[in-house]
Amino acid sequence: FRVAVGLTLFAWLLPLRAGTLTLVADYWCPFNCQPESDDPGFMIEVADRIFGRAGYTVIYLTRPWSRAIKEVESGQYTALVGTGRKEVSNLVFPKRYLAMARHTFFTQSDSTWQYRDDDSLSDIRLGVIDDYSYGDLNDRYILPHRADRQRLMILNGQNVLGRFLEMLGLKRIDAFVEEEAVMRYYLSQSRNPTTLRKAGVASSEPLFIAFSPADPNAQRYADILDNGLRALRESGELDQLADKYHIVLNNPRD
């Protein structure tokens with residue numbers, strides 16, 4: 001920290017009792033990447049700096065998304081990384097979000113389909129990940145048509161993006177939805193990158209680290225994260241981490 005910032009933060013840097021926080025999510029780089037690596041992801045590095053300075057040890061694990069939600073809800077793990085409020089509204093959320101997601105439609109490069117509104121989705125078979133909110137696309141379109149396999153291909157588990165690309169090439173789906181920065185990162189790391197076409201944005205939403213309602217310290221953790229995010233922004237560290245992972249910040253609210 002800059003000295004002026006650090007001097008004002010001793011109150012939240014000194015915890016009543018330090019311990020271990022376990023954060024879980026599915027692999028969603030650059031927001032959260034490979035555990036125990038030098039580049040574990042933007043949100044993981046933010047959490048590690050904030051809670052580390054408050055005296056806590058942060059452990060980060062990857063799980064399929066649906067499983068991660070259930071394990072945090074039950075109190076098996078401390079927090080869920082990269083969630084929107086609509087996905088798991090029963091978790092304990094901080095006031096500040098860490099980044100903004102742009103949930104974008106991707107097609108093959110020769111496709112002419114373009115997202116105009118939800119009615120235009122009736123023209124295609126769409127690939128989505130189970131229990132993702134995609135902003136409010138889940139409520140608007142996915143849940144009402146969940147049983148319709150002519151409209152939706154719903155996947156779960158690991159390497160979903162790779163499976164979507166394969167299905168796109170085999171014409172088993174016409175498009176899929178993914179966060180724009182996540183898709184860009186995935187393609188940049190691919191040995192045989194596929195040329196995709198952006199076909200419109202389904203929605204945008206703030207992304208949070210949210211805490212288990214079964215944990216009695218959940219609100220305390222949320223407050224530490226809020227204060228820590230303000231400090232990282234004031235010190236310039238938040239922008240530095242965002243630049244490292246090529247994430248565009250939208251100036252999280254006070």
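Predicted model: local features only at pLDDT ≥ 70, side-chain atom pairs only at ≥ 80, totals over all residues.
Figure 1. Residues are numbered from 1 along each chain as its sequence is written, and side-chain values use heavy atoms, with hydrogens and water left out. Helices (H or I, at least four residues) and strands (E, at least two) are DSSP runs numbered from the N terminus. Cys 33 counts as buried at 3% relative accessibility, where buried means under 20% relative accessible area, exposed over 50% and partly exposed in between (1.4 Å probe, protein chains only). Leaving aside neighbours within four places in sequence, Cys 33 is in contact with Tyr 27, Asp 39, Pro 40, Gly 41, Tyr 60, Thr 62 and Tyr 245, contact meaning heavy atoms within 4.5 Å. Between Cys 33 and Leu 61 the C-alpha to C-alpha distance is 9.8 Å, with 28 residues separating them in sequence.

**Figure 2. Packing of helix 3 (residues 42-53) against helix 8 (residues 218-235).** The two helices pack at an angle of about 110 degrees with their axes 9 Å apart; axes are lines fitted to C-alpha atoms, for helices over the stretch in contact, and angles run from 0 to 180 degrees between N-to-C directions. Helix 3 and helix 8 are therefore roughly perpendicular to each other, given that 65 to 115 degrees counts as roughly perpendicular, under 35 as roughly parallel, over 145 as roughly antiparallel and the rest as oblique. From helix 3, Val 46, Ile 50, Phe 51 and Arg 53 meet Tyr 221, Ile 224, Leu 225, Gly 228, Leu 229 and Leu 232 of helix 8.

**Figure 3. Aromatic pairs of Tyr 56 with Phe 51 and with Tyr 221.** Rings of Phe, Tyr and Trp (its six-membered ring) pair if their centres lie within 6.5 Å, and planes under 30 degrees apart count as stacked, over 60 as edge-to-face and the rest as tilted; by this rule the count comes to 15 aromatic pairs. Phe 51 and Tyr 56 are edge-to-face, at 6.2 Å centre to centre and 90 degrees between the planes. Phe 51 is buried, with a relative accessible area of 1%, and Tyr 56 is buried at 7%. The ring centres of Tyr 56 and Tyr 221 are 5.7 Å apart and their planes stand at 90 degrees, so this pair is edge-to-face. Because Tyr 56 lies in the loop between helix 3 and strand 2 (57-62) and Tyr 221 in helix 8, the pair ties together parts that are 165 residues apart in sequence.

**Figure 4. Helix 6 (residues 160-169) and its covering elements.** Helix 6 is mostly covered, seven of its 10 residues being buried, namely Val 160, Leu 161, Gly 162, Phe 164, Leu 165, Met 167 and Leu 168. Their cover includes strand 4, strand 5 (126-129), strand 6 (152-155), strand 7 (175-179), helix 7 (180-189) and strand 8 (196-211). Just after helix 6, Lys 171 takes a positive phi of about 60 degrees.

**Figure 5. Thr 107 in strand 4 (residues 99-108).** Thr 107 counts as buried at 0% relative accessibility. Apart from neighbours within four places in sequence, Thr 107 is in contact with Trp 113, Leu 168, Asp 174, Ala 175, Leu 196, Arg 197 and Ala 199.
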